[in-house]
Amino acid sequence: NGCDVRFLRKVEGQNSGLAMIFVDTNTAQNEIVICPNVTSKMDAAFVQNELSLSFLDGCKIVVCQNEVPLDATLFVLEQAHKRGVYTIFNTAPAPIKEDAARIEPYLKYVSLFCPNETEASLLTGLEVTDVPSAEKAIAVFQGKGIRDVVITLGSKGFVLSENGAKPTHYAAKRVKAVDTTDSVLLQHEFL
């Protein structure tokens, strides 16, 4: 069917990872519950040794998130950036507090950073709850070398700044959620 499967690996006796996204129909807030299974084995050493970074050859964009061990995500962001690849980092599901310090030195390798208000609060130390506080958090992130930042605010929409421009708020559109599968990927496609 033309799908490139060169970088898929099967690990005997392991199930694939599973992330369940629960959306509160009253507030549009979501919660992600992860059962990592085999994805917990995908650390930086696996990426470097098993995949040999050849998966980055010819890439124009790499999207990373926190559903695999953080060291793999940070390693891929750095390697992709060094190869001139546009990197997108969505910090969902929210990292634990101890990981915030590990993430910070790697933000300079991120082209587009996509935290929600909870993740932005954790990573900036600011309380991000609305458009003005999201704008302040965007300034903090861009001060760390990130070119483009979008902070999602659930039912309040999102705030976006590209190339250091004044942040712009985009209101959320109310829709009837039928299936949230790949909702994060759809957000990135929209951007």
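This section describes the sheet, the helices packed on it and the nonpolar cores of a predicted model.

The model contains an open sheet of six strands with mixed pairing, in the order β3-β4-β5-β6-β7-β8. Strands β3 (61-64) and β8 (168-170) stand at the edges; each has a single partner strand, so one side of each is left without a neighbour in the sheet. Helix α2 (residues 70-82) packs on this sheet, where it touches β3 and β4 (86-89). The direction of α2 makes about 160° with that of β4. Within the sheet, strands β6 (residues 148-152) and β7 (residues 158-161) run antiparallel and are joined by four bridges. Val 149 has Ser 161 of β7 as its bridge partner. A further helix, α5 (residues 131-143), lies across β5 (112-113), β6, β7 and β8. Its direction is at about 150° to β6.

Helix α4 spans residues 117-124, and its buried residues are Glu 117, Glu 119, Ala 120, Leu 123 and Thr 124. Viewed down the axis of α4, these residues fall within an arc of 160°, so they line one face of the helix. The N-terminal end of α4 is capped by Asn 116, which has a side-chain oxygen 3.0 Å from the backbone nitrogen of Thr 118. After α4 comes Gly 125, with a positive phi near 80°.

The largest nonpolar core comprises 36 residues, of which Phe 113, Phe 141 and Ile 151 touch the most other members. At least two residues of this core are supplied by each of α1 (44-50), β3, α2, α3, α4, α5 and β6. Helix α2 provides the largest share, seven residues. With residues up to four places away in sequence not counted, Phe 141 touches Leu 107, Phe 113, Pro 115, Ala 120, Leu 123, Thr 124, Ile 146, Val 149 and Ile 151. Another core, of six residues, lies apart from the largest one; among its members are Ile 88, Leu 112, Cys 114 and Phe 158.

Technical notes: Residues numbered from 1 in each chain as written. Predicted model: local features only at pLDDT ≥ 70, side-chain atom pairs only at ≥ 80, totals over all residues. Heavy atoms only, no water. Pairing = 2+ DSSP bridges. Contact = heavy atoms within 4.5 Å. Axes fitted to C-alpha atoms, helices over the stretch in contact; angles between N-to-C directions. Buried < 20%, exposed > 50% of the residue type's maximum accessible area, 1.4 Å probe, protein only. Arc of directions from axis to C-beta. Polar contact = N/O pair within 3.5 Å; in protein donor to acceptor, adjacent residues only side chain to side chain. Core = buried A, V, L, I, M, F, W, Y, C linked by side-chain atoms within 4.5 Å.
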